[in-house]
Amino acid sequence: MTKKLVLLISGRGSNLQSILRACQSGQVPDTAIVCVISNRADAPGLALAKQAGIPTQVMDHRNYPSRADFDAALRQGIDAHAPDLVVLAGFMRRLTVSFVTHYLGRLVNIHPSLLPAFPGLHTHARALEQGVCWHGATVHFVTPELDAGPSIVQAAVPVHPDDDPARLAERVLDAEHQIYPQALAAILSGHCRLEAGRVHWSTPFPAAAETVVHPQLTSVTMQTPSPGA
Ligand code: GRF
C-alpha cells in the first residue's frame with residue numbers, strides 16, 4: 001500500500017522538491033506526498049507542490065487566537081489525510097507539546113546544523129562565528145524540546161576559509177537534499193524507528209544511509225547510530 005506523507009512548510013520548499021523527486025524516482029519507494037500545508041500563503045514551496053499536482057492548504061497561524069488553537073487546527077488538517085509520517089520541511093513554527101506528543105515517532109524535521117550544536121535560528125552564521133571546521137544538517141525525530149529530538153541521519157560538510165553564511169548554507173542545503181529522502185526511506189521501510197526516546201535501527205543496516213557521495217562537496221560523511229544501537 002502506498003505510504004502517505006504530509007509536508008509542512010513555511011518558505012522556499014527545496015526540501016519538499018527533493019523529497020518529491022525521491023518519491024517519484026522510487027528512492028523513497030511506494031510513497032506519495034498527499035498534502036503540503038503552509039502557515040504562510042506566500043511560501044514559494046506551495047507553487048512547487050501545485051505544479052506537481054499535490055493538494056495544498058494554507059493555514060495562517062495569525063488567524064488563530066493562540067498557539068494551542070493553531071496547533072489543534074493543524075492537527076485536524078493533517079489527520080484528515082491519515083499520513084504515515086508528518087514531515088517538517090522548513091516549517092518555521094514552534095509546536096506545542098500536545099501536538100508533538102500526538103505524532104511522536106511519526107514527526108520528523110531537518111535542521112541545518114550538526115545537532116546538538118546550534119539549535120534554533122541563524123545556524124550558519126553562528127557556526128562561522130564559532131570557527132568550527134565542520135558544519136552540516138541533521139534529520140531527527142521531533143520531541144517537545146526544540147531541535148533536541150534523537151538524530152536519524154546527519155551529514156557533515158567542511159567549512160571553507162572564505163565561507164560566508166550564504167555560501168555555507170548552500171553547501172549544507174545540498175547535503176540536506178540527500179539525507180532527508182534517505183531518512184524517510186529508512187523510517188517508512190521500517191528500518192528505523194523511535195522507541196523509548198531513542199532511534200533504533202534494524203539489521204541489516206540500510207547501506208544507502210551509510211555513504212553520501214556528492215560531486216559538489218569536498219567531503220561528506222554520514223554519522224548514524226551503529227546497527228542495533
Ligand atoms: C532548511 O535549511 C531546513 O534545514 C530548515 O529550513 C530550511 C528550509 O529550506 N529547517 P527549504 O524551504 O526546504 O528550501
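**Figure 1. Strands E1 and E2 pair in the parallel sense.** Seven bridges connect strand E1 (residues 3-9) with E2; two strands are said to pair if DSSP finds at least two bridges between them. The model is predicted, with local features requiring pLDDT of at least 70 and side-chain atom pairs counting only at pLDDT 80 or more, whereas totals for chains, interfaces and linings use all residues. Residues are numbered from 1 along each chain as its sequence is written, and side-chain values use heavy atoms, with hydrogens and water left out. Helices (H or I, at least four residues) and strands (E, at least two) are DSSP runs numbered from the N terminus. Leu5 has Ile33 in E2 as its bridge partner. Strand E2 (residues 31-38) is largely enclosed by the rest of the structure, because six of its eight residues are buried. Buried means under 20% relative accessible area, exposed over 50%, and partly exposed in between (1.4 Å probe, protein chains only).

**Figure 2. Strands E6 and E7 run antiparallel.** Strand E6 (residues 134-141) is joined to E7 by seven bridges. Within this pairing, Val153 in E7 lies opposite Val139. Of the eight residues in strand E7 (residues 151-158), seven are buried, so the strand is largely enclosed by the rest of the structure. In a regular strand, side chains alternate between the two faces of the sheet.

**Figure 3. Helix H5 crosses helix H6.** Two packed helices are described by the angle between their axes and the distance between the axes. The axes of H5 (residues 123-130) and H6 (residues 165-188) come within 9 Å and cross at roughly 115°, which makes H5 roughly perpendicular to H6. Axes are lines fitted to C-alpha atoms, for helices over the stretch in contact, and angles run from 0 to 180 degrees between N-to-C directions. Angles under 35 degrees count as roughly parallel, over 145 as roughly antiparallel, 65 to 115 as roughly perpendicular and the rest as oblique. His124, Ala125, Ala127 and Leu128 of H5 form the contact with Pro165, Leu168, Ala169 and Val172 of H6, where contact means heavy atoms within 4.5 Å. Seven of these residues are nonpolar, one is polar and none is charged.

**Figure 4. Helix H1 packs against helix H6.** The axes of H1 (residues 14-25) and H6 are 9 Å apart, at an angle of about 45°, which makes H1 oblique to H6. On the H1 side, Ser14, Asn15, Ser18, Ile19 and Ala22 meet Leu173, Glu176, His177, Tyr180, Pro181 and Leu184 of H6. The residues of this contact comprise six nonpolar, four polar and one charged.

**Figure 5. Ser113 lies in the loop between strand E5 (107-111) and H5.** Ser113 counts as buried, because its relative accessibility is 0%. Beyond its neighbours within four places in sequence, Ser113 is in contact with Phe118, Thr123, His135, Gly136, Ala137 and Thr138.

**Figure 6. Arg193 belongs to strand E8 (residues 192-195).** With 38% relative accessibility, Arg193 counts as partly exposed. Although Arg193 and Gly105 are 88 residues apart in sequence, their C-alpha atoms are 6.8 Å apart in space. Residues up to four places away in sequence not counted, Arg193 touches Phe141, Arg198, Val199 and His200.

Conventions
Nonpolar A, V, L, I, M, F, W, Y, C, P; charged D, E, K, R; others polar.
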